[in-house]
Amino acid sequence: LMLKTRIMRKTKIIEGRAALLLWCLVTCSGCAVELDKGFLSYEKLVVVDGILTDENKTQEIKLSYSTPINEPDIKAPISGAQVWIEVDNGEIIDFEEDREGVYLSLEPYQAIAGASYKLIFVLDAGNGSRYESSYELMSKPTSIEEIGQRYANLPSSTLGGNISGLWIFIDTGELSSDPSFFRYEWNETHQIVAPYPTKYYWKRGAKSNDRVPVPDTCYRENFSNSLILSNTSGISGNRAFDVPLRFLPVDNLDLTNRYSIEVTQYSINDKSYAYYNKLREFNESSGSLFDKQQGIVLGNLSSVSDENEIVLGYFEVSSVTRFRKFYNIDEFGVEVTSQISGFSQQCKASDFISTTLDSLSFYNPDDPIEKRRNAPYRIYLWEPSPSPYGTSYLRLAACVSCTRYGKLEKPTYWID
């Protein structure tokens, strides 16, 4: 009841200040919303981005100020604050500023399930306003039992018709008797192999050089950028099954040789879930920003110095579970592989040019001086005869170098 009264009081304070609503959404949920900038006011607000987890690592808290909507989306970091986390048993976790607005724990720290944690910070080297979060309970970690995939056709609002692809989903392991709440992130990696990798490059003059490394295999990474939530309330057995995480269009797999996705599952408490769910409702609203709530989504932070001050952001306490899975493309089934052309259309075996080294400037862009309209070619094969220049075989750069699609550096987690 006290929390509800406080929310109503703060909502009345900011009634009519549309800028505050916009900046809560932009900062906390990452979505960009367009409003008539002519009627928007601006008020500088403290923004908190902090997560404490059960991973034994250096924990991080970010502090910044909101910025006007008519300025570039650049954070205004808060420097010189005193930051610490208080545990319900009296323990103190101290932080220090590592770079502008970013505060790191002095030592690696691992939060414990069942304990509660409160974020506290004071601006201006401890002489300014004091801010606190509520105590947040650390939930127990939950295992991920499996990552699965299923072929689907989804309607497209932009392209018309349907989009073919794969739903990537997870199943959790056994949970406690109480409902569980989760937030998810994912990162995926595509391995791309050039069909005709180039082993040579040409420098100005009649000279061919060995190319090291050979750009034959590259890796492209993508990351989730939306709120993905799940809970087990009302589910028989209190386990989460077929939680949809990522729809992967078939077009995204066109040049992929091998695919991997890692899912990060944050076990959060019910208050955190309610906060994120409200942000998601704002994002998914197809009408006016004011359709669902005349105010902003309040987090778990407040100003001790001024009870009327609005503080944006959230201090999350969560246990973390990670699960990675690898796929060869043929494991996705014939429904997917039958729609993938790969390099076969743009890199046909018969599509090459043979020429001598002294004529390469007409085709090859490796030389910055001799760029021509025919420059999208690269040497992929060279033979020493006939003398004196030998024969160079050229193909489109897109067929001989994977660096057009990703990076050469192999991720440390990658398994061939």
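**View 1. Strand β11 meets β17.** Six bridges tie strand β11 (residues 162-172) to β17, and the two run antiparallel. This is a predicted model, so read every view here with that in mind. To find your bearings in this pair, look for W167, which sits opposite F247 in β17.

View 2. A bit of background for looking at any sheet: strands pair through backbone hydrogen bonds, in either a parallel or an antiparallel way.

**View 3. The β1-β2 hairpin.** Here strand β1 (residues 46-53) runs antiparallel to strand β2 (residues 60-65), and six bridges join them. Together β1 and β2 make a hairpin, with six residues between them. For a landmark, pick out I51, which faces E60 in β2.

**View 4. What else does β2 pair with?** Besides β1, joined to β2 by six bridges, β2 has pairings with β6 and with β3. Strand β6 (residues 102-105) pairs with β2 in the antiparallel sense over three bridges. In that pairing, K62 stands opposite V102 of β6. Strand β3 (residues 76-77) also runs antiparallel to β2, and here two bridges do the joining. The pair to look for this time is S64 and P77, with P77 on the β3 side.

**View 5. N89 in its loop.** Now move to the loop between β4 (82-87) and β5 (92-99), which is where you'll find N89. Is N89 buried or exposed? N89 counts as exposed, because its relative accessibility is 57% and the cut-off for that label is over 50%. N89 and S116 are 27 residues apart along the chain, and their C-alpha atoms are separated by 8.5 Å.

Notes: Residues are numbered from 1 along each chain as its sequence is written. This is a predicted model: local features need pLDDT of at least 70, side-chain atom pairs count only at pLDDT 80 or more; totals for chains, interfaces and linings use all residues. Side-chain values use heavy atoms; hydrogens and water are left out. Two strands pair if DSSP finds at least two bridges between them. Helices (H or I, at least four residues) and strands (E, at least two) are DSSP runs, numbered from the N terminus. Buried means under 20% relative accessible area, exposed over 50%, partly exposed in between (1.4 Å probe, protein chains only).
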